[in-house]
Amino acid sequence: MHLEINRSDIRQTRMADSVVPTTTAPGQVVMRLDRFALTSNNVSYAMSGDLLDYWGFFPTEAGFGRLPTMGYGIVTESTNPDIAVGGRYFGFFPVGDFHIVQAEATRAGFIDNAPHRESHAMAYRSFDKVSDVEEPHDDAILVLRGLFVTSFLAEDFIRENDMFGARQVIVTSASSKTSIALAHCLRENTSAKVIALTSAANVEFTHNVDLYNDTITYDDIESLDPTIPTVLVDMAGNSAVIARVHNHFDNALKYSCKIGATHWEQTGSDKGILGPKPEFFFAPSQMAKRSKEWGRESFNERIQSALSLFLDDSTRWLTIEHSHGADAVTHTYHELVQGLVRPESGHILSF
């Protein structure tokens, strides 16, 4: 079975029956999805499923989309001579109990080379071989790796542009894991002041993460010094919050980018706001650029080194929660859509 999302209303879902075929075509690999993570990143995938073609990863019936997620899959059948049954792989899967890949072996594992995947970034269609036995950070990797790569690339982009002349970075939805990862990268690589914007309910948690120089609520935006050159990184997608930050800083706001949409129901037009036009940060573009400049191997090494530091640090604040079954999967997805998941929770699920 697979979780499917109504593409015109991400609040509507269904659990679609699907059956593993009795025969597989040459080169195909069947994997049982052992476990996977659901985070606010998955809500962002659903929100931009058509715009960024996330719905194109795993096609299904018209009007519905299969939600991409990071998981571990175990090969249960293979007609590819280079890929053995029993191997365990990390990659992007549809939320479900199995997945079929037209596989092409690589040094790290294999890629999905089906025709409908050709336009997708390699990071989204690669399956990397991992240990066949569970390792200490396995669950945290599922929760954090995907969003960390986005934050790593965003910080790299901002730093590559000399911080756009800014001395501080304001991060909205600061209690979200993507924001925390960005704050971690900024603290590791820059001297910029990092300011957390969050709800009153999440102030204590965000402060205790201890990666921000200052933590304030959305109500206190106007208390910030409007003369300090500033970069805004928006993870919330709340048009009212974006407008208030822009109008408060005006010309002192040197760059404004959108990454997430944790407040997805409060999105709206940016028309008429002061300061620079907000730009959407598309991580795959920066990934392709750096892979070409640094080389794929060096790029992966830098990501892995930075991720290892973040995983070690996350043990201070991340709590892994395991759930099993179709009802648990559906419930967790809807909790995420409604913004009801506590920021310290990392949800690992299985069918």
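In the predicted model, the buried residues of helix 1 are Asn41, Asn42, Val43, Ser44, Tyr45 and Ala46. Helix 1, which spans residues 40–47, is thus mostly covered, with 6 of its 8 residues buried. Packing of these buried residues involves both strands and helices: strand 3 (28–38), strand 5 and strand 6 (88–94) are contacted, as are helix 3, helix 4 (177–189) and helix 9 (326–337). At the start of helix 1, the backbone nitrogen of Asn41 lies within 3.0 Å of a side-chain oxygen of Thr39.

Both Thr39 and Asn41 also belong to the lining of the largest cavity. The count of cavities of 30 Å³ or more is 1, and the largest cavity holds about 80 Å³ of space.

At least two lining residues come from each of helix 1, strand 5 (68–78) and helix 3 (138–160). Of the elements concerned, helix 3 gives the most to the lining, with 4 residues. Strand 5 and helix 3 are also among the elements against which the buried residues of helix 1 pack. By class, the lining of the largest cavity comprises 7 nonpolar and 5 polar residues, and no charged residues.

Technical notes: Residues numbered from 1 in each chain as written. Predicted model: local features only at pLDDT ≥ 70, side-chain atom pairs only at ≥ 80, totals over all residues. Heavy atoms only, no water. 1 Å grid on protein atoms, 1.4 Å probe; cavity = no way out; pocket = protein on both sides within 12 Å on 5 of 7 lines; lining within 4 Å. Points joined across faces, edges and corners; volume = space filled by probe spheres on them. Nonpolar A, V, L, I, M, F, W, Y, C, P; charged D, E, K, R; others polar. Buried < 20%, exposed > 50% of the residue type's maximum accessible area, 1.4 Å probe, protein only. Contact = heavy atoms within 4.5 Å. Polar contact = N/O pair within 3.5 Å; in protein donor to acceptor, adjacent residues only side chain to side chain.
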